[in-house]
Every structure is written in structure tokens, then in C-alpha cells.
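Have the sequence and the model open side by side.

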Amino acid sequence: MLLRRSTATDTVIYIESGRVALGVLGAHDAAGTIEHQLGLVEGPAWLEATAAVLNVRSAVDAVALTEVSLRHVSLPAFRDCLDTCESGVQSMLLDIARAHRQQTELAVSRLAKDAEARCAEWLLNHAEPSDKGGCMVQLQLRKRAIAAQLGIAPETLSRVLRHLRELRLISGSGRVVDLVDPAGLRNLAGPSAPCQCGLI
């Protein structure tokens, strides 16, 4: 095992040689076997550098398929190096990293989660502290765009949100959704879904 999804790390891995599988481990797999493979990385290459660029946790599990030679770079040193790039280069790199992360999260979500779990994870990923001391999500996109990110129909998204309200996991309507029970949403989304507002 080289990386585990949603696990904090203080280094960025550079693969000098060897082959690594990216994907999702089996639900109860302690042996480190990728159940759903999303891709391969063969050195020389950075491993899940998108997470380091965006300063977030890895969206995938990574398992070495062959003998590998690795270099571990401290996260602060990696980010200091990025800061030396021209602003235009930094902006482009961030745009590419955000797009890559969005596609990776969507692929992982579609592999292992139903519509309700995907929606719960999306809400947790976009949560921010509210004035009431809890968590909320501001819906800055239209429901059609959010549904497209989740790989579901807009009607399905509306039905799921209504069901989450009935379960008293969320409340509110319009552009602001209050996360009444972040822990309940996490149980629905799965233990690898962190709440970005920091309450769980």
C-alpha cells in the first residue's frame, strides 16, 4: 500500500521506477488488493500529485504492482516549489488539478456508491461552517449541473434531497442547505467521506 483514500499524509510520492495501480480497495480488504482499478502509473512519475497541488487528501488508493523505487518529498517543500512558478503557470496548474480531481471523485463515486451515497458525499465535500455553528452548503450551481457531476438525472437529485430532508439529515431549501446531521450523512456516504466544515 502506498496511499489510502482520505488519509492524511505529510509527503508527496515520486515514483522513480515501478508500476502502481490506482483505484478503490475492497470494502473489507486488509491485504491491499484493488477491487476497482481506475488507472496505472508507471515511474518516473508523481503519484496522486493532484491532491498535493490542491492541498487535499488522496481520492484513490494506490498499491504497488511491482517492485518500486520511491522518493518522498515533504508537502511543505513541494508547495514551496510550486510557489516559485509564475502566477499564470500556477493558475493553469490549479485549473487542471481541479478538473482532474472532479473526474476522479466522480469515477470513484460511480464505482461503489448509489445516488443517495453520492449526494451525501457531495454535500460533505462542499460543506462550510454556518453562522449557527453547524455546517451548510451553498448551492452555487444549478441542480442540473450538480446532477451531472454526480452522474444522475436532475429528477433523481431532487428526489434524493427530498428523502434526505425526510430523514432529517439536511434542511432548508433554495440556495442554502443546512447539514443537520453531518455524521448521519457520513454514515450514508461511507467512512472515507470527510466533512469539509471540520465537525466530523
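Which residue in strand 10 is the bridge partner of V137? It's V177. Keep in mind that this is a predicted model, where local features need pLDDT of at least 70, side-chain atom pairs count only at pLDDT 80 or more, and totals for chains, interfaces and linings use all residues. Residues are numbered from 1 along each chain as its sequence is written, and side-chain values use heavy atoms, with hydrogens and water left out.

| Pair | Sense | Bridges |
|---|---|---|
| Strand 8 (residues 135–138) and strand 10 (residues 176–179) | antiparallel | four bridges |
| Strand 9 (residues 170–171) and strand 10 | antiparallel | two bridges |

In the second pair, S171 stands opposite D178 of strand 10. Strands 9 and 10 make a hairpin with four residues between them, and G172 in that turn has a positive phi of about 95°.

Now jump to L2, in the segment before strand 1 (11–17). L2 is partly exposed, at 21% relative accessible area (buried is under 20%, exposed over 50%, partly exposed in between, with a 1.4 Å probe and protein chains only). Leaving out residues up to four places away in sequence, L2 touches I13, V20, L47, A62, A64 and L70 (contact means heavy atoms within 4.5 Å). L2 and A64 sit 62 residues apart in sequence, yet 6.8 Å apart in space, C-alpha to C-alpha.

How values were computed: Two strands pair if DSSP finds at least two bridges between them.
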